[in-house]
Amino acid sequence: MPAEERAVDPAARRRRWKRIRTSVTLLVLVGFVVGAAWYSWNNVIDQSEQVAAPTSGKTCAPGAPADPPAPADIQVNIYNSTSRAGLAASIGDKMRDRGFVVVDVDNDPLDKTIEHTAEVRSNTAHQPAAMVVAATVPGAVFVPDDRTEATVDLVLGQAFKAMAKPGAPLATPSGVPPCEPVTG
């Protein structure tokens, strides 16, 4: 009987190793498919969140508008590009107190590191509204983008200390070239 067990034993070992190889191959393939799906999903999500990406990346200062809109007529998103937790939320509350319509409060969707006090992002067609928002943060820089909606993003940067006093005059940020006029 021991001789028969030895004859069956190598065949049983081959079947067992075949099952193990098949299982390992299946696990590797499943891991590959899950990894590819995760990578694809992250790329789709990252691209959809970047709806307000700057067109040129150049900063400019809009001229002071002749007839600036009232804060109640400006929809603003408050974003935090710093590591200070709750900064966007506290500034969002202050912007609401000043009469602005705060639409969104979150971390910067562009995940950009901003060294100066703030960036104000908007379409150049909405420069008057952007100028009113920029007046709330001393040293804010206007960054035009190609969004179609009439929102303005206030992105708080590393050098942000405090907001300007309410009712501060509209001023062109220093050291920033003026934006090209909008035609059309």
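Modeller: Happy to! Let me settle one term before anything else: a residue is buried under 20% relative accessible area, exposed over 50%, and partly exposed in between (1.4 Å probe, protein chains only). The model is predicted, so local features need pLDDT of at least 70 and side-chain atom pairs pLDDT 80 or more, while totals for chains, interfaces and linings use all residues. Numbering runs from 1 along each chain as its sequence is written, and side-chain values use heavy atoms, without hydrogens or water.

Let's begin with the largest nonpolar core, which has 24 residues (a core is a set of buried Ala, Val, Leu, Ile, Met, Phe, Trp, Tyr and Cys residues joined through side-chain atoms within 4.5 Å). Val76, Ile78, Ile91, Met95, Val120, Val133 and Leu154 have the most contacts inside this core. At least two core residues come from each of β1 (75-80), α2 (87-97), β3 (118-123), α3 (127-134) and β5 (151-156); these elements are DSSP runs numbered from the N terminus, helices being H or I with at least four residues and strands E with at least two. The biggest contributor is α3, with five residues.

Helix α3 deserves a moment of its own. Seven of its eight residues are buried, so the rest of the structure largely encloses α3. The buried ones are Gln127, Ala129, Ala130, Met131, Val132, Val133 and Ala134. They pack against β1, α2, β3, β4 (141-145) and β5.

Val133 turns up again if you look at Val76. Beyond four places in sequence, Val76 is in contact (heavy atoms within 4.5 Å) with Met95, Phe100, Val101, Val102, Val103, Asp104, Val133, Val152 and Leu154.

Now follow strand β5 to Val155. With a relative accessible area of 0%, Val155 is buried. Val155 and Val120 are 35 residues apart in sequence, yet their C-alpha atoms are 6.3 Å apart in space. The contacts of Val155 outside four places in sequence are Tyr79, Ser81, Asp108, Ile114, Thr117, Ala118, Glu119 and Arg121.

Ser81, one of those contacts, sits in the loop between β1 and α2. Ser81 has 11% relative accessibility and therefore counts as buried. Its side chain reaches the backbone oxygen of Leu156 at 2.7 Å. Leaving out residues up to four places away, Ser81 also touches Asp108, Lys112, Ile114, Val155, Gly157 and Gln158, among others.

That brings us to the charges. There are six salt bridges in the structure, each a side-chain nitrogen of Lys or Arg within 4 Å of a carboxyl oxygen of Asp or Glu. Asp108, Lys112, Glu119 and Arg121 are linked in a network of such bridges.

Arg147 and Asp145 are buried, and so is Asp153.

Key
A polar contact is a pair of N or O atoms within 3.5 Å; within protein, one must be able to donate a hydrogen and the other to accept it, and residues adjacent in sequence count only if both atoms are side-chain atoms.
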